[in-house]
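Me: I'm new to reading protein models. Could you walk me through a few features?

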Amino acid sequence: MPELENTGAPASTPSQRSEEKAAADLEPVFDVPVNIQAVLGRTQMEVSELLRLAPGSLLELDRRVGEAIDIYVNNRLVARGEIVLVDDRLGVTMTEIIKDGEGVN
């Protein structure tokens with residue numbers, strides 16, 4: 001009976017092979033541009049109020065400090081998240097993925 005050589009690499013499970021194949025199947029869409037929005041909150045105002053805004057103006061939003069923000073991809077709510085600071089830049093970390101129909105008001 002021939003001996004099998006152990007290469008030291010862990011054997012991939014059927015689940016891992018399936019995930020690798022799924023990622024390879026998506027490769028044609030990797031370069032498709034998408035519009036992503038991280039919405040901190042919303043407000044409604046009249047055009048006259050909008051025209052009076054200046055640097056330093058306070059704009060009151062419908063969210064509280066620490067409340068999750070909405071993340072939209074192509075105008076569709078897909079997740080909620082939190083704002084984070086990364087190397088002096090703002091970023092967003094996703095904390096919840098929204099499934100179809102969930103979270104729509």
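Me: Is R63 buried, exposed or partly exposed, and what is its relative accessible area?

Reply: Buried means under 20% relative accessible area, exposed means over 50%, and partly exposed is in between (1.4 Å probe, protein chains only). Here R63 has 23%, so it's partly exposed. One heads-up: this is a predicted model, where local features need pLDDT of at least 70, side-chain atom pairs count only at pLDDT 80 or more, and totals for chains, interfaces and linings use all residues. Residues are numbered from 1 along each chain as its sequence is written, and side-chain values use heavy atoms, leaving out hydrogens and water.

Me: How many salt bridges does the structure hold?

Reply: A salt bridge is a side-chain nitrogen of Lys or Arg within 4 Å of a carboxyl oxygen of Asp or Glu. This structure has 2 of them. R63 pairs with D70 at 2.5 Å, N to O, and D70 also pairs with R80, with the closest N and O atoms 2.9 Å apart. Together, R63, D70 and R80 make a network of salt bridges.

Me: Where do D70 and R80 lie?

Reply: Strands (E, at least two residues) and helices (H or I, at least four) are DSSP runs, numbered from the N terminus. D70 is in strand 2 (residues 69–73) and R80 in strand 3 (residues 76–86), so their bridge ties together parts 10 residues apart in sequence. Both D70 and R80 are buried, D70 with a relative accessible area of 7%.

Me: What about V92: which strand is it in?

Reply: V92 sits in strand 4, and at 41% relative accessibility it's partly exposed.
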